[in-house]
Amino acid sequence: MPPTNDAAELLPGTLDLLILKAISLGPLHGYGILLRIEQITGDALAIEQGALYPALYRLQRQRLVATEWSTSENNRRAKYYRLTTAGRKRLREETEWWERLVAAMGSALRAKPEEV
Amino acid sequence: MWRLFRRQRFERDMDEELAFHLQSRIDDHLRRGLSRTDAERRARLEFGGVDKYKEQVRDARPFALVDDLARDLTYAWRSLRRTPVFATTAIVAIALGVAVNAGLVTLVYALVLRPLPVKDPGTIRNVFMSTRGGGSRGTYGTPYFVSFPEFVFMRSQSRTAELAAVAEASLSCTCAAGGQLRAQLVSDNLLPLIGARPALGRFFTPDETKTPGSAPLLVLSWTTWHQQFGGAQDVVGRTVLLNRTPFTIVGVADADTTGPLVLKPDVWMPYTMQAITRQGDMLIDTPTFGWIQLLARRRPGVSDAAMRAELSVLGQQSLLPHNPDRTATVTVSPGAFLNYPMIMQDGAPVMAIAFLAVSLVLLLACANVANMLLARGLGRRREIAIRVSIGAGRARLFRQFLTESAVIGVLGGGLGLLLSQGAARLVFALVPTTMMGGHQLDLSPDWRIVAYTLAVSLATSLLFGSVPALRLIRRDLTPALKAEHRNWSLSGRRIPLQSMLVAAQAAITLVLLVNAGLLVRGFDRALRMDLGQSVRNVLIASFNLQQEQYTTERARRLLMDLRDGIAPAAGVAGVSLTVTDPFVSSCGMRARTIGADGQPSERFEIACDQVGAAFFKTMQVAVLRGRDFTDDDVRRGARVAVVDERFARARFGDVDPVGRLVRLGRDDEGDDEIVGVVMTTSELTVVRRNRPKVYTPIRGFIGGKLLIAHDGRTDALVSALRMRVAEVDSNLTVSIKSIEQNVRFALAPIRIAAAAAAALGLMGLVLACSGLYGVVAFSVSRRLREIGIRVALGANRTDLLRMIVGQGLRPVAAGGAIGLLLAAGGGHLIRAMLFGVSPIDPMTFTATGLALLAAAASAAIVPALTALRLDPMVALRDE
């Protein structure tokens with residue numbers, strides 16, 4: 001879907017995290033990852049779909065994901081991505097970091113004048 | 001092949017993966033009821049630029065670096081091929097810069113670092129022992145030589161290394177071709193130690209090198225065997241006369257053996273035969289006289305430190321019997337020709353200056369090529385902009401620019417390596433042959449030189465490549481895409497980098513040129529300098545009296561006879577004797593003066609000379625007080641001395657020294673009475689020591705030389721002298737040279753320095769001018785439209801020319817000013833070679849500065865004129 005004004009711009013690094021999260025539930029091919037991200041973010045994050053692939057190759061080079069060619073649900077050859085142990089570890093760390101950040105930002109932004 | 005396959009598979013996989021994505025998306029859209037056309041359009045739009053992402057994926061993949069490098073290399077090669085003039089100019093510039101640098105390194109490497117041409121040079125060590133402290137000690141050659149008993153002791157005691165002895169001597173041979181032979185005096189183990197094998201016969205046995213004078217045996221070098229003995233198989237056992245002593249040939253060394261010293265020997269003989277090489281000067285019998293160079297083969301499992309530790313102790317112990325008050329200092333260095341500690345120390349500053357100079361040329365070449373790359377890159381801005389807009393990362397572009405620079409660098413470096421061979425040989429050609437005749441310095445590049453050159457070339461290309469590359473990829477590229485480059489000009493503040501590079505080139509060129517100018521002026525000054533004595537119209541005749549086994553008395557009679565015979569000849573203004581070769585060799589010792597109260601002073605350094613009667617008259621040295629030496633002084637061996645003015649002033653102030661005493665020898669050898677004071681004469685050596693000088697009547701007639709002052713007509717004189725010598729002793733060899741030759745010899749280092757500096761300076765000038773030419777040409781080509789408009793509007797062409805050239809010269813003038821300041825600093829570094837020319841000599845500075853401006857102006861005028869000659873309409877249409 002084309003980017004819309006109310007879709008958030010991606011922060012650097014977030015795409016990698018989203019990919020890791022998407023395949024943490026099981027191996028997916030590139031298009032599947034895209035669908036999963038759209039699904040879990042509720043279309044709130046807009047990216048050009050092509051941007052997925054440089055990120056996937058980068059993660060592959062960092063050995064955070066592993067790949068294998070397999071047959072897709074509609075019987076076509078597709079490249080599947082799955083998490084490696086290092087990838088799983090990275091996902092855990094990044095998730096914790098994000099949760100801390102979000103909590104901190106959230107409480108900072110919710111702060112009322114008398115609390116400052 | 002494998003990489004290509006991998007690459008193809010990678011591309012195929014990537015295409016398939018992306019196609020799968022798009023197809024799946026299209027299918028989804030079709031399922032939602034879109035028409036096929038809409039579905040495809042929508043999917044593509046959502047995906048974004050396929051090519052852009054492919055490019056990014058390629059960058060992100062594994063092995064990207066290797067594949068990209070191959071691709072960049074191909075690309076760089078093609079792009080250089082497309083612009084052959086640029087490529088050639090850049091490569092030649094780098095080659096010149098690298099050549100002078102590698103040439104210098106090749107020379108230094110050959111002299112002081114290159115392993116010796118012997119078997120297993122890795123474990124060969126030079127051992128240098130110097131001594132300090134009380135008691136008398138002399139050395140013949142370098143201060144690091146040891147005496148016979150010292151060597152025998154150290155060799156017998158050392159457990160860390162096998163020590164061998166080597167010394168050099170020149171001998172006259174009565175053999176087939178006759179003439180002078182260079183001999184290496186060696187211990188029995190030297191030849192086996194360096195891996196020599198007898199091609200015929202044998203080498204020396206330990207017994208034959210034990211007792212002085214006992215074994216007159218000879219081993220021939222392969223070359224001598226062939227040249228002097230025609231390669232005769234029965235040469236072993238033959239007897240030849242060396243310095244009138246019969247020697248028996250026992251063997252011939254194999255062709256690969258050329259000895260461990262820089263000069264190749266013709267023959268080897270036991271070092272115990274030393275006495276026949278220097279008559280009346282039995283070094284071998286004097287335990288306090290060092291004449292043997294130590295060469296060592298380190299034993300397996302021993303470190304240099306352990307070797308040094310042991311040899312220090314042994315060296316100290318070896319001094320105990322005869323020099324108990326002296327301390328030994330031992331240095332162990334990897335075997336090389338001329339790595340004496342003294343040379344390394346004294347030579348380091350000279351080398352540093354030379355290295356600075358060649359580095360400047362390299363830097364200049366760098367600036368030059370950087371500027372060309374920048375100009376070329378600016379011309380390629382559209383191409384760059386397009387590549388960036390289709391998704392090539394700036395990092396990739398930067399890498400590609402650097403790859404191109406590296407290709408230029410490596411090609412230039414390769415060419416430079418070839419040129420450096422020529423440069424090093426050229427420098428050697430300037431060295432007088434008497435200094436290095438028959439040397440075996442190896443100037444060919446070995447892997448170290450090649451590695452060094454490659455490293456320098458690559459480092460250089462990083463330097464000249466990254467500056468323009470960074471600038472080019474940093475720029476905002478939008479205007480380039482719009483083909484809007486008319487507002488690019490050298491005049492504006494838009495491209496200060498180009499101007500800065502021109503300024504840097506001007507500065508470096510001036511530093512080189514000014515210092516070259518100073519050296520040339522210094523050389524000129526040295527030639528004209530009043531040295532306080534004759535520098536022309538004197539012949540110097542030397543004889544091989546030592547080798548012909550003359551006694552002192554016989555030598556005296558011969559020299560006196562020759563003098564009396566030649567003195568009345570036509571055109572002779574005076575004849576005298578000396579033992580030192582004027583301006584070439586000198587004698588030094590430590591003397592005392594005796595006070596009016598009879599108390600001797602501390603010893604101090606003096607220069608000395610032993611001379612004949614009427615020496616000062618012959619050599620035109622002014623006698624200020626007292627008298628010249630007389631025949632009577634020389635005949636009686638009178639204990640008289642003449643001192644120079646420097647001596648008089650330093651030791652006696654305003655008091656008249658005539659009649660006072662000076663003590664030159666040991667304290668029990670008596671004193672000499674000063675009978676005259678003469679004008680101070682100057683040495684021509686680069687390191688002038690300004691020692692006070694004492695002359696005494698000649699005693700060492702064996703080393704005596706005739707000095708003949710003449711009126712310029714030498715031919716008759718030379719043949720008369722030769723005839724006279726042949727009459728007296730037909731075996732005697734006389735060599736006659738002019739004092740002018742000696743002056744040239746003494747000035748050779750300065751001449752070489754001046755020639756090298758001038759060559760570097762000119763090279764710099766050519767590089768800088770070609771750089772400026774390129775920049776101005778580029779600038780006017782960018783401004784053709786502007787120039788065309790101006791001309792069309794009726795601007796005066798002369799004014800336009802002035803404007804373009806003026807703008808081109810502005811950075812030259814700025815850089816030149818900086819260069820003059822730096823050159824003043826450089827001048828101070830080479831002051832020793834300037835012979836009193838001021839390091840900030842105004843004439844040199846002005847002339848050089850003007851020369852640079854003139855050369856730069858002509859470099860700028862040519863492209864400017866070309867531009868102005870163009871039809872304005874053509875220029876306007878060009879856009």
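Me: What pLDDT does chain B average, and what share of the residues score at least 70?

Reply: pLDDT is the predictor's confidence in each residue, on a scale from 0 to 100. Chain B averages a pLDDT of 85, and 92% of the residues score at least 70. For chain A the mean pLDDT is 79, with 83% of its residues at 70 or more. This is a predicted model, in which local features need pLDDT of at least 70, side-chain atom pairs count only at pLDDT 80 or more, and totals for chains, interfaces and linings use all residues. Residues are numbered from 1 along each chain as its sequence is written, while chains are lettered from A and ligands numbered from 1 in the order in which they are written.

Me: Over which residues does pLDDT stay under 50 in chain A and in chain B?

Reply: Where pLDDT is low, the predicted coordinates should not be read in detail. In chain A this concerns residues 1-8, where pLDDT stays under 50 and the model has 11 contacts beyond four places in sequence. A contact means that the C-beta atoms of two residues, placed from the backbone, lie within 7 Å. In chain B, pLDDT stays under 50 over residues 482-493, and the model has 20 such contacts there. For the complex, the predictor gives an ipTM of 0.84 and a pTM of 0.72.

Me: How many helices and strands does chain A have, and how many does chain B have?

Reply: Helices (H or I, at least four residues) and strands (E, at least two) are DSSP runs, numbered from the N terminus. Chain A has four helices and three strands, arranged along the sequence as α-β-α-α-β-β-α. Chain B has 27 helices and 23 strands.

Me: Which domains does the assignment give for chain B?

Reply: Domain bounds come from an automatic or database domain assignment. For chain B the assignment gives domain 1 (2-48), domain 2 (121-336), domain 3 (350-527 + 748-878) and domain 4 (538-746). Between the C-alpha centres of domain 3 and domain 4 of chain B there are 54 Å.

Me: What radius of gyration does chain B have, beside that of a compact globule of 879 residues?

Reply: The radius of gyration is taken over C-alpha atoms, and the globule rule is 2.2 Å times the number of residues to the power 0.38. A compact globule of 879 residues would be near 29 Å by this rule, but chain B has 37 Å. The C-alpha trace of chain B spans about 130 × 70 × 55 Å along its principal axes.

Me: What share of the residues of chain B count as buried?

Reply: A residue is buried if 20 or more other C-beta atoms lie within 10 Å of its own, exposed if 12 or fewer, and partly exposed in between, with C-beta atoms placed from the backbone. Of the 879 residues of chain B, 41% count as buried; in chain A, buried residues make up 25% of the 116 residues.

Me: Where is B:Tyr271, and why does this residue count as buried?

Reply: B:Tyr271 lies in the loop between strand S9 (267-270) and strand S10 (289-290) of chain B. It counts as buried because it has 27 C-beta neighbours inside 10 Å. Beyond four places in sequence, its contacts include B:Ala165, B:Leu185 and B:Ile292. B:Met307, in helix H9 (residues 304-319) of chain B, is also buried, with 21 C-beta neighbours inside 10 Å.

Me: How many residues does the largest nonpolar core have?

Reply: In soluble globular proteins, nonpolar side chains tend to be buried together. A nonpolar core is a set of buried Ala, Val, Leu, Ile, Met, Phe, Trp, Tyr and Cys residues joined through C-beta atoms within 7 Å. The largest one has 103 residues, and those with the most contacts inside it include B:Val361, B:Leu519 and B:Leu760. Helix H16 (residues 496-528) of chain B gives the largest share of this core, 18 residues. Domain 3 and domain 4 of chain B both give residues to this core, so it lies between them. A second, separate core of 71 residues includes B:Phe148 and B:Leu314.

Me: How many residues does the contact take from chain A and from chain B?

Reply: The contact takes 18 residues from chain A and 20 residues from chain B. On the side of chain A that touches chain B, H3(A) gives the most, with five residues.
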